[in-house]
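Please read it with the structure open beside the text.

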Amino acid sequence: MNVPVSLQPYLNQLSYGTNTSQAALPSVDDGLFSDVLQAQLASGQRVITAEEIIAELDGSPEWNFAQRLEEVDTNSSAANTTVGGRASNLPTSALLEKIDRMARSIGVDNDLIREVVRAESNFNPTAVSQAGAKGLMQLMDQTAKAMKVRDVYNPDENLAGGTKYLKSLLDRYDGNVKVALAAYNAGPGRIGRLGIDNDAELEEKYSQLPQETQRYVEKIMNRLQADRTS
C-alpha cells in the first residue's frame with residue numbers, strides 16, 4: 001500500500017532485521033494509520049510504533065497505550081537508555097508490592113529482587129538499555145522468550161520472568177548470591193568460562209569480570225547488607 005511519509009519511519013520497524021521480501025504489513029487503511037497516530041500525539045502520548053497502531057486497530061489485547069513515561073536514574077544499569085514500550089503510571093510503592101508478591105510466590109528473597117530491580121531499571125518498567133535489555137529486570141529478548149514473557153514492559157510479566165531466571169541461577173550456583181548476580185549481569189557463559197562456581201571462586205577471579213559486573217554485584221550486595229544492619 002502507499003504509506004504516508006510521516007509514518008514511514010515507524011512502518012520500517014516491522015521489517016527491521018527481516019528479509020524485506022518476506023515482511024508483509026497487514027492490510028490497513030492509510031487514513032486509519034494517520035488517525036491513530038495523530039490521536040496519540042494530540043493526547044500527549046509518545047510516538048507509537050507501527051506494530052502498536054496495527055494492534056490497536058485489530059483490537060489486540062497485548063498492547064497497553066494508557067501509560068506515561070518515567071525517568072531512569074542515571075545510577076541504574078539502564079542509564080543512557082532509549083525508551084520503548086509503554087511507560088507505567090504505577091507508583092514505586094505499588095511496584096514494591098508486586099516485587100514482594102512475586103518473590104514470595106517464586107521463592108526468592110524479596111530484598112534481593114527489589115535491589116536487582118533498583119540496579120537494573122530504577123523501577124522504570126520502560127527502561128531499555130543500549131544492549132537491548134528491557135523492562136524492570138532488564139530482560140534480553142532471548143531470556144524473555146525462554147521465560148515465556150510476552151510483554152517485557154508489563155511489570156508483572158517482566159518481574160515473573162526476571163525472578164524465575166534469577167531463581168534458576170541461584171539454584172544453578174547452589175545459593176551463591178554473588179555468583180548468581182554476576183551471571184545475571186554478565187551471562188552464565190562468561191562465568192562458566194572463568195570456572196566460577198561459588199562466591200569464594202568469584203572473589204578470587206573478581207578482577208577478570210567486566211568492571212560493570214563488579215560494580216553491579218558490589219552495589220546490590222552493599223545495599224542488602226546496609227538494609228540488614230540498619
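## Helices α8 and α11

The model described here is predicted. The axes of α8 and α11 cross at roughly 135° and come within 9 Å.

On the α8 side, the contact is made by Val177, Lys178, Leu181, Ala182, Tyr184, Asn185 and Ala186. Their partners in α11 are Glu212, Thr213, Tyr216, Val217, Ile220 and Met221. Sorted by class, this contact holds 9 nonpolar, 2 polar and 2 charged residues.

## Helix α5 and its two partners

Helix α5 covers residues 110-121. Its axis and that of α8 come within 13 Å, crossing at roughly 35°. The crossing of α5 with α8 is right-handed. From α5, the residues in contact are Leu112, Val116 and Glu120, and from α8 they are Val177, Leu181 and Tyr184. This contact has 5 nonpolar residues and 1 charged residue, with no polar ones.

Helix α7, residues 155-172, also meets α5. The axes of α5 and α7 come within 11 Å and cross at roughly 115°. Here too the crossing is right-handed. Leu112, Ile113, Val116 and Val117 of α5 touch Leu159, Thr163, Leu166 and Leu170 of α7. By class, the contact of α5 with α7 consists of 7 nonpolar residues and 1 polar residue, and no charged ones. Leu112 and Val116 take part in the contact with α8 and also in the contact with α7.

## The second largest pocket

The second largest pocket has a volume of about 430 Å³. It is lined by 21 residues, and those closest to its centre are Ala133, Met140, Tyr184, Asn185 and Glu212.

Which element gives the largest share of the lining of the second largest pocket? That element is α8, with 4 residues. By class, the lining has 11 nonpolar, 7 polar and 3 charged residues.

Technical notes: Residues numbered from 1 in each chain as written. Predicted model: local features only at pLDDT ≥ 70, side-chain atom pairs only at ≥ 80, totals over all residues. Heavy atoms only, no water. 1 Å grid on protein atoms, 1.4 Å probe; cavity = no way out; pocket = protein on both sides within 12 Å on 5 of 7 lines; lining within 4 Å. Points joined across faces, edges and corners; volume = space filled by probe spheres on them. Helix = DSSP H or I, 4+ residues; strand = E, 2+ residues; numbered from the N terminus. Nonpolar A, V, L, I, M, F, W, Y, C, P; charged D, E, K, R; others polar. Axes fitted to C-alpha atoms, helices over the stretch in contact; angles between N-to-C directions. Left-handed = near helix turned anticlockwise from the far one by under 90°. Contact = heavy atoms within 4.5 Å.
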